Amino acid sequence: MARNIGAACRTCRRENLKLFLKGDRCYSDKCSFERRAFGPGQHGQSKFKKLSDYAVQLREKQKVKSMYGMLEGQFRLAFERAERQKGVTGENLLILLERRLDNAIFRIGMASSRNQARQLVRHKHVLINGKSVNIPSFLVSEGDVISLKEKSKTNAQVVENIEAVARRGIPSWLELDKENVKATVKTLPNRDELTMPIQEHLIVELYSK
């Protein structure tokens, strides 16, 4: 499976926004974004030039791609699917990204980052309605029950993540049963629940050129 293996902390600094790509490290004093709040590279501390409209749109797309850990091809397919749906294309796109299984696992708190969540899914630890699913891009639906295999529920990292979930909070479209290490998709996510500063209309404008 192709994946982005670039330095996560440099990505946050490039986008000038903490994207929470490294789990618990992002909440600690070791967070590189907090310690070096300037762009990466030898020119990182120099003043930024005014960006063109295209550059602003491109940076917004790159930011969202990095946030969800996706490559260009995957992201473009998600956009095309959102474009075919009824409603506002930008909002449709963000809702599709939120519905990804790896993102849902992260939102629930079973994983400390989307990258770790993707690893749980690919290694067949995750069940949807009692059936094993190993596709990170699988879209969860209303009423789905997300759980782990019995052996995986006692994994030290998973247990630690579940205990620390209160620090991040769980979106209202998901309901976590900590005792049984499972969650239910109460409803589909909506745009208002996304607190990260995303200007999805810039992505739509970029792909519409």
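I took a contact to mean heavy atoms within 4.5 Å, and I kept in mind throughout that this is a predicted model.

**Entry 1, Ile198.** With that cut-off I looked up the neighbours of Ile198 and, leaving out residues up to four places away in sequence, found that Ile198 touches Glu60, Lys63, Val64, Met67, Leu94 and Arg191. I placed Ile198 in the loop between β5 (182-185) and α11 (200-207), and I noted that Ile198 counts as buried because its relative accessibility is 8%, where buried means under 20%. Lys63 lies 135 residues from Ile198 in sequence, yet their C-alpha atoms are 8.5 Å apart in space.

I then followed Lys63 to its salt bridge with Glu60, in which the closest N and O atoms are 3.0 Å apart. Both residues belong to helix α3 (residues 53-68), where they sit three residues apart, about one turn of the helix, and I recorded both Lys63 and Glu60 as buried.

My count of salt bridges came to nine. In one of them Arg118 pairs with Asp102, with 3.1 Å between the closest N and O atoms; this pair links distant parts of the chain, since Arg118 is in helix α7 (residues 114-122) and Asp102 is in helix α6 (residues 101-108), 16 residues apart. I found Arg118 and Asp102 to be buried. I also noted a network in which salt bridges with shared partners join Lys61, Lys65 and Glu72.

Methods: Residues are numbered from 1 along each chain as its sequence is written. This is a predicted model: local features need pLDDT of at least 70, side-chain atom pairs count only at pLDDT 80 or more; totals for chains, interfaces and linings use all residues. Side-chain values use heavy atoms; hydrogens and water are left out. Helices (H or I, at least four residues) and strands (E, at least two) are DSSP runs, numbered from the N terminus. Buried means under 20% relative accessible area, exposed over 50%, partly exposed in between (1.4 Å probe, protein chains only). A salt bridge is a side-chain nitrogen of Lys or Arg within 4 Å of a carboxyl oxygen of Asp or Glu.
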